[in-house]
Amino acid sequence: MNLPFEYERIAAGEFGGTTPTTTDFERARVVILPVPLDRTTSYVPGTRNGPHEILAASSHMELWDEETQTDVHSIGIFTLPEMEFPLGTMEEVIREIRRVATEIVSRGKFPFVLGGEHSITAPVVASLASKYDKLSVLQIDAHADLRESFMGTPHNHACAMRRTLEFARATQVGIRSLSTEEAAVAPTLPTEIFYDFNMRDDPDWIERVVDSLSETVYITIDVDGFDPAIMPATGTPEPGGLAWREALSLLRRVIERRTVVGCDLVELSPMAGNIAPNFMCAKLIYKILSYRFGQELD
């Protein structure tokens, strides 16, 4: 942002704020794309406010990561303006998300997309699958999202992974909610499900998750994949789910053993008076970027 004079400031619209370094699009390694879509949420709405609140929270993070001993902000993180969807069908919205994601990917950037509802994932995966052969998707989520159609559209957030499987196979982690129809069709689809109720019975479950993924991976995180005790700010909460430390252990191991080429975080529905979930999302994004790019700063 150009000003006629300068002073220290925090920009809520830029991931991580403006200090200690800023960058432009061309020099950035990572491009943050806020996609505040909230068309098909089926319980509590509010995901349209998620990207803004994540960006606002991120401007209050300390940028030194004690675990990786890095400040990954310095690789160059550029935040695009929020997309807007005032009109148009869901089909048109999905096409536009795919077009914008393809623009980012074609320029060699690492896309990190902030939702918005989970239906944004499939078009982003489609853009990456056009560039990377044998792409696979790691999904952290409470819900299988394998419905063929829901509430009159195949692009409902409850269909997010069914649409994603049209472009890449998947590994689904933390699942603890699915319909009878989804349970029946799941064995026929190119996905492996790690159910929350029993996945930890195997002490090597994280290694099994990694082994199920191809060399090139996209990560999609629905925040309801976390225990609602630490992530209550979502429209479709489910008991159970991942704890903070075990989620980080999973993500770090995946990033160590596979090549992660993009990510999204979706379904944050901010709660008035409780900023902790917003900050947790910002921190999670920064942890993922620290795992992914921190070794380049050694």
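Trainee: Let's start with F110 and F293: are they buried or exposed?

Mentor: Buried means under 20% relative accessible area, exposed over 50%, and partly exposed in between (1.4 Å probe, protein chains only). F110 comes out buried, and F293 does too. Keep in mind that this is a predicted model: local features need pLDDT of at least 70, side-chain atom pairs count only at pLDDT 80 or more, and totals for chains, interfaces and linings use all residues. Residues are numbered from 1 along each chain as its sequence is written, and side-chain values use heavy atoms, with hydrogens and water left out.

Trainee: How many aromatic pairs does a search of the whole structure find?

Mentor: A pair of aromatic rings is described by the distance of the centres and the angle of the planes. Rings of Phe, Tyr and Trp (its six-membered ring) pair if their centres lie within 6.5 Å; planes under 30 degrees apart are stacked, over 60 edge-to-face, the rest tilted. Searching the whole structure gives four such pairs. One of them joins F25 and F78, edge-to-face, at 5.8 Å centre to centre with 85° between the planes. F25 sits in the segment before β1 (30–35) and F78 in strand β2 (residues 77–79), so this pair ties together parts 53 residues apart in sequence. F25 is buried at 17% relative accessible area, while F78 is partly exposed at 21%.

Trainee: And what about the rings of F110 and F293?

Mentor: Their centres are 5.2 Å apart and their planes at 85°, so that pair is edge-to-face. Helices (H or I, at least four residues) and strands (E, at least two) are DSSP runs, numbered from the N terminus. F110 belongs to strand β3 (residues 110–115) and F293 to helix α8 (residues 276–293), so the pair links parts 183 residues apart in sequence.

Trainee: Which charged end sits over the ring of F293?

Mentor: The test wants NZ of Lys or CZ of Arg within 6 Å of the ring centre and within 35 degrees of the ring normal. For F293, the charged end of R292 qualifies, 4.7 Å from the ring centre. Over the face of F25 you'll find K109, at 5.4 Å from the ring centre.

Trainee: Which way do the residues of β3 point?

Mentor: In a regular strand, side chains alternate between the two faces of the sheet. From β3, F110, F112 and L114 go one way, and P111, V113 and G115 the other. Six of its six residues are buried, so β3 is largely enclosed by the rest of the structure.

Trainee: In what sense do β1 and β3 pair?

Mentor: Strands pair if DSSP finds at least two bridges between them. β1 and β3 are parallel over six bridges, with V30 opposite F110. β3 also pairs with strand β8 (residues 259–266), parallel over three bridges, and there V113 has D264 as its bridge partner.
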